[in-house]
Amino acid sequence: MDTGTERGTGGVGVAAPRDAAEEARERRAERGRGVLEGAFALLDALRRNGDEAGVTELALACGVPKASVHRLLDQLVCVGAVERTGNRYRVGPQLYRLGQAWEPYPGLRPAARLPLQRLRAATGASVVLVVLREEMALTIGSVPGDLEPLLPVRNGLAFRLDTAAGKALRGSGGGGAVLDREDVMEGVCCAALPVRAPDGRAVAALAALAPVGCRLDALAHAVAGAGAAVTRALAGGGRRRTVPPTVLVP
């Protein structure tokens with residue numbers, strides 16, 4: 001039986017030479033990993049840039065040769081992950097669609113959509129729904145309020161864990177609201193509370209940011225009501241409405 005070894009004169013097993021085809025496959029796999037890493041580095045640089053960027057800017061940001069950046073961008077444009085306008089590039093629609101499919105907890109974003117809108121309408125505050133990711137409070141739902149443009153909010157924005165939203169995620173409020181009276185940013189107050197799944201686990205935090213002078217106790221009460229509404233919607237499966245397939249475009 002072939003054991004994959006050769007026998008020397010002393011009967012000691014000696015590893016057979018590696019198959020050339022196997023080595024070639026490993027080299028191709030390594031190149032593929034390098035291409036993927038380069039592509040994701042470019043996409044992250046575009047995200048951090050926030051608008052558009054050129055090849056030179058992206059090459060400097062990622063530490064990748066300009067020729068490689070240009071080749072990767074062309075490939076990303078072909079699959080819709082990046083859009084090109086002249087010599088400038090930005091994140092494309094296909095990447096947006098893929099990102100919208102991510103759920104940190106099943107049904108969380110659709111369950112929170114209406115409560116966030118109602119909280120904004122009732123208080124005028126900028127409202128964010130955050131989850132814990134990589135030691136940051138990552139925004140997965142947001143509704144701009146009276147603080148725009150002093151403090152813009154948007155999905156994908158990350159807060160430090162020493163903010164009210166971050167403290168609420170970590171359970172630093174002792175079961176109550178975490179209040180911020182201009183502790184992080186001058187002119188901005190905040191009330192934040194954990195959002196719980198039907199089984200009682202904290203799966204996110206809801207924060208309302210308002211100009212200084214607001215009644216924080218009333219804001220915290222409104223946030224608590226919105227969080228309870230999210231929990232109820234989660235218990236009901238997010239109450240998603242079925243969209244007729246005839247109106248959907250793949």
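Mentor: Let us begin with Glu182, which counts as partly exposed at 36% relative accessibility. Buried means under 20% relative accessible area and exposed over 50%, with partly exposed in between (1.4 Å probe, protein chains only). This is a predicted model, in which local features need pLDDT of at least 70 and side-chain atom pairs count only at pLDDT 80 or more, while totals for chains, interfaces and linings use all residues. Residues are numbered from 1 along each chain as its sequence is written, and side-chain values use heavy atoms, with hydrogens and water left out.

Trainee: Where is Glu182 found?

Mentor: Glu182 is in the loop between strand 8 and strand 9, the latter spanning 188-196. Helices (H or I, at least four residues) and strands (E, at least two) are DSSP runs, numbered from the N terminus. The phi of Glu182 is positive, near 60 degrees, and Glu182 is a residue other than glycine.

Trainee: What is the phi of Glu135?

Mentor: Glu135 is not a glycine either, yet its phi is positive, at about 60 degrees. Glu135 sits in the loop between strand 5 (126-133) and strand 6. With 58% relative accessibility, Glu135 counts as exposed.

Trainee: And Arg181, is it buried or exposed?

Mentor: Arg181 counts as exposed, at 54% relative accessibility. Arg181 belongs to strand 8, residues 178-181. Setting aside neighbours within four places in sequence, Arg181 is in contact (heavy atoms within 4.5 Å) with Val188, Cys189 and Leu216. Its C-alpha atom is 9.7 Å from that of Pro211, 30 residues apart along the chain.

Trainee: Changing topic, what does the secondary structure of the chain come to?

Mentor: There are 7 helices and 10 strands. Of the 250 residues, 35% count as buried. Among contacts in the chain with a separation of 6 or more, 48% are between residues 24 or more positions apart.

Trainee: How do helix 5 and helix 7 pack?

Mentor: Helix 5 (residues 108-123) and helix 7 (residues 216-235) pack at an angle of about 155 degrees, and their axes are 8 Å apart. Axes are lines fitted to C-alpha atoms, for helices over the stretch in contact, and angles run from 0 to 180 degrees between N-to-C directions. The two helices are therefore roughly antiparallel to each other. Angles under 35 degrees count as roughly parallel, over 145 as roughly antiparallel, 65 to 115 as roughly perpendicular and the rest as oblique.

Trainee: Which residues of helix 5 and helix 7 make the contact?

Mentor: Helix 5 contributes Leu108, Ala111, Ala112, Pro115, Leu119 and Thr123. From helix 7 come Leu219, Ala222, Val223, Ala226, Ala229, Val230, Ala233 and Leu234. The residues of this contact divide into 13 nonpolar, 1 polar and no charged. Here Ala, Val, Leu, Ile, Met, Phe, Trp, Tyr, Cys and Pro count as nonpolar, Asp, Glu, Lys and Arg as charged, and the others, Gly among them, as polar.

Trainee: What about Gly107, buried or exposed?

Mentor: Gly107 is buried, with a relative accessible area of 11%. Gly107 lies in the loop between helix 4 (93-100) and helix 5. Gly107 and Ala233 are 126 residues apart in sequence, and 8.7 Å separates them C-alpha to C-alpha.

Trainee: At what angle do helix 2 and helix 3 pack?

Mentor: Helix 2 (residues 55-62) and helix 3 (residues 66-78) pack at about 110 degrees, with their axes 9 Å apart. They are therefore roughly perpendicular to each other. Their contact involves Val55, Thr56, Leu58 and Ala59 of helix 2 with Lys66, Val69, His70 and Leu73 of helix 3. That set divides into 5 nonpolar, 2 polar and 1 charged.

Trainee: Which residues of helix 2 are buried?

Mentor: They are Val55, Leu58 and Ala59. Seen down the axis of helix 2, the buried residues fall within an arc of 100 degrees, so they line one face of the helix; the arc is that of the directions from the helix axis to the C-beta atoms. Gly63 follows helix 2 and has a positive phi, near 70 degrees.

Trainee: One more: which residues does a cis peptide bond join?

Mentor: The cis bond joins Glu148 and Pro149, with omega about -5 degrees. Pro149 is in the loop between strand 6 and strand 7 (158-159).
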